Amino acid sequence: GFPREQAWQQLVAFLRTCDDVIAAHRYGITIGIEGLRKPESNVVNSVPEAVELARAVARPSVRIIVDFYHLTFEHEDPDVVRAAKDWIVHVQIADPEVRGFPRSAASEPRYAQFFAALHAIDYSGRISIEAKSGDLASDTPASLAFLRRLALP
C-alpha cells in the first residue's frame, strides 16, 4: 500500500546519500542497482527501470547490475543490455529454469542473444554466477567452461 512514486523518491535520496558518503571517504565503491523479478520487488523490475533509477540519482558511484535470471523471468529481451551499455557495472547469470548453474545453451536459447549483446557493447566487466547448486564440485567447472565459450568472442 506504499505509493511507488514515494518509494522511488526515497531510493533516489538514499542512493545520493550513499554516493556522498562514498565520495567523502574515498571508498572507491560502486553501487549496482539490480532489477528484480516482481515476486521479489515491486519497485525496480527491469533493466530499463534500473537505468532510469540510476539516471535519476545522477551520481558517479551509482550504476546497474544486469541479472540474466531476473531478465528472463520478466520476459525482457536480452538486447536491453545494448541500451544500458554505459550504466552496467556487473552481470549475474543463472539458468532461469531452475535458478541453477548455467551449463548448456540447449537449455536456454537466450544465452546466445544475451552474450551477443554483451559483446556488442564491449562489456569487459565481471560476470558472476548467482545460483543454487546440489553439487558444486560438478556444477562449477561445467558452468565455467560453458560461460567461457559464450564470453570469449
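Predicted model: local features only at pLDDT ≥ 70, side-chain atom pairs only at ≥ 80, totals over all residues.
E74 is in the loop between α3 (68-73) and α4 (80-83). Leaving aside residues up to four places away in sequence, E74 touches R37, K38, P39 and N45. With K38 there is something specific to look at: the E74 side chain reaches the backbone nitrogen of K38 at 2.6 Å.

### Two helix pairs

Next, the helices. Two packed helices are described by the angle between their axes and the distance between the axes. Here is how two pairs in this model come out.

| Helix pair | Axes come within | Crossing angle |
|---|---|---|
| α1 (residues 4-25) and α2 (residues 47-57) | 9 Å | roughly 55° |
| α5 (residues 110-120) and α6 (residues 136-151) | 9 Å | roughly 50° |

Take α1 and α2 to begin with. Their axes cross at roughly 55°, which makes α1 oblique to α2. The crossing of α1 past α2 is right-handed. Which residues make the contact? On the α1 side they are R4, W8, L11, V12, L15 and R16, and α2 brings in E49, E52, L53, A56 and V57. Sorted by class, the contact of α1 with α2 has seven nonpolar and four charged residues, with no polar ones.

Now for α5 and α6, whose axes cross at roughly 50°. That angle makes α5 oblique to α6. From α5, the residues in the contact are Y111, F115 and H119; from α6, they are F146, L147, L150 and A151. What classes do these residues fall into? Six of them are nonpolar and one is polar, while none is charged.

While you're looking at α6, find A145, which is also in that helix. A145 counts as partly exposed, because its relative accessibility is 33%.

Most residues other than glycine have a negative phi. R99 isn't a glycine, yet its phi is positive, at about 55°. You'll find R99 in the loop between β3 (88-93) and α5. R99 is partly exposed, since its relative accessible area is 22%.

The other one is D122, with a positive phi near 60° despite not being a glycine. D122 belongs to the loop between α5 and β4 (127-129). Is D122 buried or exposed? At 62% relative accessibility, D122 counts as exposed.

### Where two loops meet

R99 comes up again when you look at K132. This lysine lies in the loop between β4 and α6. K132 counts as exposed, because its relative accessibility is 57%. What does K132 touch, not counting residues up to four places away in sequence? Its contacts are V98, R99, G100 and F101. K132 and F101 are 31 residues apart in sequence, but 6.8 Å apart in space from C-alpha to C-alpha.

Conventions: Residues numbered from 1 in each chain as written. Heavy atoms only, no water. Axes fitted to C-alpha atoms, helices over the stretch in contact; angles between N-to-C directions. Helix = DSSP H or I, 4+ residues; strand = E, 2+ residues; numbered from the N terminus. Parallel < 35°, antiparallel > 145°, perpendicular 65-115°, else oblique. Contact = heavy atoms within 4.5 Å. Nonpolar A, V, L, I, M, F, W, Y, C, P; charged D, E, K, R; others polar. Buried < 20%, exposed > 50% of the residue type's maximum accessible area, 1.4 Å probe, protein only. Polar contact = N/O pair within 3.5 Å; in protein donor to acceptor, adjacent residues only side chain to side chain. Left-handed = near helix turned anticlockwise from the far one by under 90°.
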